[in-house]
Amino acid sequence: MVITQKEMFVEKKQNMRDGDGTVTITHYVQKENLKNARLLAGVTIPPNSSIGEHDHINETEYYIILKGKGEVNDNGIKKTVKEGDVVVTGDGAKHSIRNIGNENLELIAFIITY
């Protein structure tokens, strides 16, 4: 299967998970076509915007940071992330992410289900 960029679903989420600003999500693969996963997407977070704190039950989410600078709240511990870093939020853990840079924060989000 090949999925072209024009076939990908793009959505804009205002105040995602009670975060700030508008986040753009490009769904690389539609949920119904994923096996043992529920999300594989590119995420763009503009400066001063964020995805609010949320947890992951019976799943693990990976953020692969492609561009920009962010601050992740990883179970109450704040850490700065940048290009090349990977954030792993496992079963029962909580996290949020905020763009603290002057350019868009771009990442791939991948959620694997158990």
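In the predicted model, Glu106 has a relative accessibility of 25% and therefore counts as partly exposed. The residue is placed in strand E10, which covers residues 105-113. With neighbours within four places in sequence left aside, Glu106 is in contact with Val43, Thr44, Ile64, Ile65, Leu66 and Lys67.

Strand E10 pairs with two other strands. Its pairing with E5 is antiparallel and extends over eight bridges; within it, Ile64 has Ile108 of E10 as its bridge partner. E3 and E10 also pair in the antiparallel sense, again over eight bridges, and here Ala41 is partnered by Ala109 of E10.

The largest nonpolar core contains 18 residues, of which Ile45, Ile51, Tyr63, Ile97 and Leu107 touch the most other members. At least two residues of this core are supplied by each of strand E2 (22-27), strand E3 (37-45), E5 and E10. Beyond its neighbours within four places in sequence, Tyr63 is in contact with Ile51, His54, Asp85, Val86, Val87, His95, Ile97, Leu107, Ile108 and Ala109.

Strand E5 (59-67) and strand E8 (86-89) each contribute at least two of the patch residues. Leu66, which lies in strand E5, counts as partly exposed because its relative accessibility is 39%.

Ser96 is found in strand E9, residues 94-99. This residue has 15% relative accessibility and so counts as buried, the limit being under 20%. Its contacts, apart from neighbours within four places in sequence, are Ile51, Gly52, Glu53, Glu71, Val72 and Asn73.

Strands E6 (residues 69-74) and E7 (residues 77-82) run antiparallel and are joined by six bridges. The bridge partner of Asp74 in E7 is Ile77. The two strands form a hairpin with two residues between them, and Asn75 in the turn has a positive phi of about 55°.

Side chains of opposite charge can pair when their charged atoms come close. Three salt bridges are counted in the model. One of them joins Arg98 to Asp20, with 2.5 Å between the closest N and O atoms. This pair links distant parts of the chain, 78 residues apart: Arg98 is in strand E9, whereas Asp20 is in the loop between strand E1 (9-14) and E2. Arg98 is partly exposed, at a relative accessible area of 30%, and Asp20 is likewise partly exposed, at 34%.

Glu59 forms a salt bridge with Arg38, and the closest N and O atoms are 2.7 Å apart. Because Glu59 lies in strand E5 and Arg38 in strand E3, the pair ties together parts that are 21 residues apart in sequence. Glu59 is buried, with a relative accessible area of 7%, while Arg38 counts as partly exposed at 29% relative accessibility.

Lys82 and Asp85 also form a salt bridge, in which the closest N and O atoms are 3.9 Å apart. Lys82 has 51% relative accessibility and so counts as exposed, for which the cut-off is over 50%. Asp85 is partly exposed, with a relative accessible area of 23%.

Technical notes. Residues are numbered from 1 along each chain as its sequence is written. This is a predicted model: local features need pLDDT of at least 70, side-chain atom pairs count only at pLDDT 80 or more; totals for chains, interfaces and linings use all residues. Side-chain values use heavy atoms; hydrogens and water are left out. Helices (H or I, at least four residues) and strands (E, at least two) are DSSP runs, numbered from the N terminus. Buried means under 20% relative accessible area, exposed over 50%, partly exposed in between (1.4 Å probe, protein chains only). Contact means heavy atoms within 4.5 Å. Two strands pair if DSSP finds at least two bridges between them. A nonpolar core is a set of buried Ala, Val, Leu, Ile, Met, Phe, Trp, Tyr and Cys residues joined through side-chain atoms within 4.5 Å. A salt bridge is a side-chain nitrogen of Lys or Arg within 4 Å of a carboxyl oxygen of Asp or Glu.
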